Amino acid sequence: MSLLAYFGVLRKKLLYKTKVEYGDYALNHYEGCQHGCKYCYARLIKKKPYQVWVKARPVANAISLLKKELPVLRNEIKEVYLCFSCDPYMPLERKTQLTQRIIKILMENDVAFSILTKSDLVLRDLNLLSNYDKCRVGFTITTLNDNVRKFWEPYAPSIEDRIRAVKTFHDYGVETWISVEPILDNTYIDLIYKLQDYVNQFVFGKLNYMKSNLNWRKVAEKIVETCKELGLNFILKKELANHLTKCPGDYVKL
Ligand code: SF4
């Protein structure tokens, strides 16, 4: 038995149709997440204690499941998201290289995919990703203040490292997007200005299930006003758009 199989978990299914409104199919090839964000919704849904969640493990049969499921779903899939319930470039990825193996299989099968990560470790796969025109690389950036980041996302890379990585992918001609979810403080407008030249799309979402001092109606209005003025491609997650008094549905999908 390989080390990966020994330390990993086994699943029955890998690809699934996501309920995230802007997504299509998704997969999560790690169980838990070493980034340990305090607001993590995936941990909440799975009802895992924090200390268990941060001891992430790979899905040991992820590759065989993917090879089995892709031929069946290939024609139906518009884009596969990696990942909504773990981070594909958490530190464990350095050892397992499981994300890299998965994206190679998606490429061999000519399937479009989109990365969503908080880690500049994705730069390791820059050559691979920049030579495939059916992929997008997304970074979650929830604040520009690294002290706020340290509190909420204690084991994830710094904001500076993420911004550097976004710019590098952009410079290499890769389509990039930013998930500003959950918005943690008042830096979201500065963030738009700072990244607008390097990003193809912004997605904004509120902090759900936890207290925030932000006035979500004002936040949503300011985002819409700024993005429209700058001519940016953006969407608001439903929970945030619902705070708008005029036409919230207009901003939920592109
Ligand atoms: S990176 Fe995503 S999955 Fe990982 S702990 Fe943070 S919110 Fe949860």
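Okay, hi everyone. Keep in mind throughout that what you see on screen is a predicted model.

Let's start with the core. The largest nonpolar core has 67 residues, and the members that touch the most others are Val80, Leu82, Val180, Phe202 and Phe204. Which helix gives the most to this core? That's H11, residues 216–230, with five residues.

If you ignore anything within four places in sequence, valine 80 is in contact with Leu15, Tyr25, Ala26, Leu27, Leu106, Val111 and Phe113.

Now, helix packing, and H11 turns up again. Helix H10, residues 188–195, packs with H11 at an angle of about 20°, and the axes are 10 Å apart. At that angle, H10 counts as roughly parallel to H11. The crossing of these two is right-handed. On the H10 side, the contact uses Tyr188, Ile189 and Ile192, while H11 brings Val219, Lys222, Ile223, Thr226 and Cys227. Sorted by type, the residues of the H10–H11 contact come out as six nonpolar, one polar and one charged.

The other pair is H4, residues 62–73, and H6, residues 98–108. Their axes come within 10 Å and cross at roughly 15°. So H4 is roughly parallel to H6, and the crossing of H4 and H6 is right-handed. From H4 you get Ala62, Ile63, Leu66 and Lys67, and from H6 you get Leu98, Arg101, Ile102 and Ile105. How do the residues of the contact of H4 with H6 divide? Six are nonpolar, none polar, and two charged.

Next, the loop between strand S8, residues 175–180, and H10, which is where isoleucine 183 sits. Is isoleucine 183 buried or exposed? It's buried, because it has 22 C-beta neighbours inside 10 Å, and the cut-off for buried is 20 or more. Leaving out neighbours within four places in sequence, isoleucine 183 is in contact with Thr142, Tyr188, Phe204, Lys206, Leu207, Leu214 and Val219. Of those, take Leu207: isoleucine 183 and leucine 207 are 24 residues apart in sequence, and their C-alphas are 6.1 Å apart in space.

For another pair, look at proline 58 and phenylalanine 151: 93 residues apart in sequence, and 26 Å apart C-alpha to C-alpha. Proline 58 lies in strand S4, residues 57–58, and counts as buried because 24 C-beta neighbours fall inside 10 Å.

Most peptide bonds are trans, and most residues other than glycine have a negative phi. Here are the exceptions I picked out.

Glutamate 181 and proline 182 are joined by a cis peptide bond, with omega about 0°. Proline 182 is in the loop between S8 and H10. There's also a cis bond between leucine 82 and cysteine 83, again with omega about 0°. Cysteine 83 lies in the loop between strand S5, residues 80–82, and helix H5, residues 92–96.

On the phi side, glutamine 97 isn't a glycine, yet its phi is positive, about 55°. You'll find glutamine 97 in the loop between H5 and H6. It's partly exposed, with 15 other C-beta atoms within 10 Å.

Then there's tyrosine 209, also not a glycine, with a positive phi near 60°. Tyrosine 209 is in the loop between strand S9, residues 201–204, and H11. With 8 C-beta neighbours inside 10 Å, tyrosine 209 counts as exposed.

That's what I have. Thanks!

Terms used. Residues numbered from 1 in each chain as written. Predicted model: local features only at pLDDT ≥ 70, side-chain atom pairs only at ≥ 80, totals over all residues. Core = buried A, V, L, I, M, F, W, Y, C linked by C-beta atoms within 7 Å. Buried ≥ 20, exposed ≤ 12 C-beta atoms within 10 Å, placed from the backbone. Helix = DSSP H or I, 4+ residues; strand = E, 2+ residues; numbered from the N terminus. Contact = placed C-beta atoms within 7 Å. Axes fitted to C-alpha atoms, helices over the stretch in contact; angles between N-to-C directions. Parallel < 35°, antiparallel > 145°, perpendicular 65-115°, else oblique. Left-handed = near helix turned anticlockwise from the far one by under 90°. Nonpolar A, V, L, I, M, F, W, Y, C, P; charged D, E, K, R; others polar.
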